[in-house]
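Please look over the sequence and the model below before reading on.

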Amino acid sequence: MTLKGILRFLPYIHKIIWFNFHYLPFDQAIKLPILLYRPNLKRCKGLVEIHGTIRTGMIKLGIYIVSTYPNKGIVWENSGKIVFDGKCTIGNNSYLSIGKHGIMSFGDGFCATADFRGIC
């Protein structure tokens, strides 16, 4: 990731650190695999699993990719389970909502550029 890419997430570093350590085991969380851009964390229950080799920034949520949509980041509402099987990018103005018994799974290399709605 470039310096410009890293600086994009810097204003949200406190939420990124909290989010990773809240959802992931210590040995995964210390690598900060999940980066959040303009996060709106409505409900942080449930579980998050990452399969595969863990790398910093392998999962980017809310990243500003498409300029035709509002730069609102991502809304996170999780009471169920989200599984990432590798790299994942979800763009700006997106929403993830998983109910108590819901399971949402993203395959390796999943990419949604903007205005994605994942409801389970």
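How far is the sulfur of C88 from the closest cysteine sulfur, and in which residue does that closest sulfur lie? The sulfur of C88 lies 8.0 Å from that of C111, which is too far for a bond. The model is predicted.

## Cysteines

Across the whole structure, a search finds zero disulfides. C120 is likewise in no disulfide, and its nearest cysteine sulfur, belonging to C88, is 14 Å away. For a disulfide, the two sulfur atoms would have to be within 2.5 Å.

C88 is buried, with a relative accessible area of 1%. C120 is partly exposed, at 40%.

## Salt bridges

The structure contains three salt bridges. Side chains of opposite charge can pair when their charged atoms come close. In one of the bridges R43 is joined to E77, with 3.2 Å between the closest N and O atoms. R43 belongs to strand β2 (residues 39–44) and E77 to strand β5 (residues 74–78), so this pair ties together parts that are 34 residues apart in sequence. R43 is partly exposed, at 32% relative accessibility, while E77 is buried, at 15%.

Another salt bridge is made by the side chains of E49 and K81, at 3.1 Å from N to O. E49 sits in strand β3 (residues 47–50) and K81 in strand β6 (residues 81–84), which makes this a link between distant parts of the chain, 32 residues apart. E49 has a relative accessibility of 28% and counts as partly exposed. K81 also counts as partly exposed, at 24%.

D115 and R117 form a salt bridge as well, their side chains meeting at 3.2 Å from N to O. D115 is partly exposed, with a relative accessible area of 31%. R117 is partly exposed too, at 46%.

β8 pairs with β5 in the parallel sense, over five bridges. In that pairing, V75 stands opposite Y95 of β8. β8 is also joined to strand β11 (residues 117–119), by three bridges, and these two strands run parallel. Here Y95 stands opposite R117 of β11. R117 is the residue that meets D115 in a salt bridge, and β5 is the strand that holds E77, the partner of R43.

## Aromatic pairs

By the ring-distance rule, the count comes to 10 aromatic pairs. One of them is formed by Y12 and Y37: the ring centres are 5.5 Å apart and the planes stand at 75°, so the pair is edge-to-face. Y12 is in the loop between α1 and α2, and Y37 is in the loop between β1 (34–36) and β2, so to speak of this pair is to speak of distant parts of the chain, 25 residues apart. Y12 is buried, at 17% relative accessibility, and Y37 is buried, at 10%.

F21 and F26 form a tilted pair, with 5.7 Å from centre to centre and 55° between the planes. F21 is partly exposed, at 35% relative accessibility. F26 is exposed, with a relative accessible area of 58%. Elsewhere, F84, F106, F110 and F116 make up one aromatic cluster.

## The nonpolar surface patch

Two helices contribute to the patch: α1 (3–9) and α2 (13–23) each supply at least two of its residues. L10 is found in the loop between α1 and α2. L10 is partly exposed, with a relative accessible area of 49%.

Methods:
Residues are numbered from 1 along each chain as its sequence is written. This is a predicted model: local features need pLDDT of at least 70, side-chain atom pairs count only at pLDDT 80 or more; totals for chains, interfaces and linings use all residues. Side-chain values use heavy atoms; hydrogens and water are left out. Helices (H or I, at least four residues) and strands (E, at least two) are DSSP runs, numbered from the N terminus. Buried means under 20% relative accessible area, exposed over 50%, partly exposed in between (1.4 Å probe, protein chains only). A salt bridge is a side-chain nitrogen of Lys or Arg within 4 Å of a carboxyl oxygen of Asp or Glu. Two strands pair if DSSP finds at least two bridges between them. Rings of Phe, Tyr and Trp (its six-membered ring) pair if their centres lie within 6.5 Å; planes under 30 degrees apart count as stacked, over 60 as edge-to-face and the rest as tilted.
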